[in-house]
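Colleague: I would like to go through the labels used for this model and hear what each one rests on.

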Amino acid sequence: GEFTLLDRARPIDDLLADPGIDASLKAKLKSTRQMRRFAVSELGLPDNRSYTEYADLKRPFALWNVVAAPALSLVPKQWCFPIAGCVNYRGYFSRDAAQKFAAGLRQQGYDVQVSGVPAYSTLGWFNDPLLSTFIRYPDGELARLIFHELAHQTVYAKDDTQFNESFATTVEQAGVERWLQAAGNQKTRDAYVQFEGRKEEFVALLMQYRQRLASNYASDLSDTQKLQQKAAIFLALQADYQVLKTKWGGYTGYDRWFAEPLSNAHLALVATYYELVPGFKALLAQQQTFPKFYAAVARLAALSKDERHRQLEELAKTRST
């Protein structure tokens, strides 16, 4: 799957010189070149060939991730691989293959979610190209994605998805804030503020219901009662999401999250991307520059998982006070 993707990639300069390429695509490719330069010069992200080429995949997503969790637990199932280490999901380049694997997990009693993924990082092992699955995003969201995926090439802690994703989310948020100040026009800034506001509200909603589920599973109720409570909690989540959509004027950007019946798998990874972000933000403020920040994060990555999480939690406390 990876080599098929790379085989379809063409240099951006070649595409810009091609008279047969759509003008709106050319405009997006020009924007990404500016974002890429900003990532190197202002954010200290890797200066390599990643995101200097473009691949049209002829499909809606780059791959499909399978996430699984027990029926009465929010602890995700892990899979371990030679280079990436242990992660809380399993990726497939074929949707059918992902669904087949998910069906087997459901037969074993797991809650399962299959979700499309527009982009991923090969951690610098390959030159990741821009993809048709995300190139049409609004500029703020496009910059966010590029900064996030490049951050994964900078520091990576094996067997710690939460650390890696929270770090990349911190770089993405701080990076886009600076990029919008330097290169964004008012329309782009307004669109991104709206996007971020919706995302924050949606994540807050999910975290609220994740806590309700966790309390349910930790209670003294019987398993039958816990399953009944679980069903009621998910119904309430769907209802509250509809209220949120009404507030947003009918915005449907998160509808696909509800495409499959809700389960623990949907909420198992919510904290992965955000829970350690306050600690990383405190560390960035402390280190002041991105190169120093990356060096400090690398030192954390060299520690044990428990110790690095403990230090980030302590940093978050100092930031909040």
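**Labels and their grounds**

Modeller: Three antiparallel bridges join β3 to strand β6 (residues 90-92), where strands are DSSP runs of E with at least two residues, numbered from the N terminus, and two strands pair if DSSP finds at least two bridges between them. The model is predicted, so local features need pLDDT of at least 70 and side-chain atom pairs count only at pLDDT 80 or more, while totals for chains, interfaces and linings use all residues. Residues are numbered from 1 along each chain as its sequence is written, and side-chain values use heavy atoms, with hydrogens and water left out.

Colleague: Which residue of β6 stands opposite W64?

Modeller: W64 stands opposite Y92.

Colleague: What makes C80 and C86 a disulfide?

Modeller: Their sulfur atoms are 1.9 Å apart, and a disulfide is a pair of cysteine sulfur atoms within 2.5 Å, so the pair of C80 and C86 qualifies.

Colleague: How do you know whether C80 and C86 are buried or exposed?

Modeller: Buried means under 20% relative accessible area, exposed over 50% and partly exposed in between, with a 1.4 Å probe and protein chains only. C80, at 52%, is therefore exposed, whereas C86, at 15%, is buried.

Colleague: And on what grounds is E196 classed as buried or exposed?

Modeller: E196, which lies in helix α7 (residues 186-218), has 12% relative accessibility and therefore counts as buried.

Note on methods:
Helices (H or I, at least four residues) and strands (E, at least two) are DSSP runs, numbered from the N terminus.
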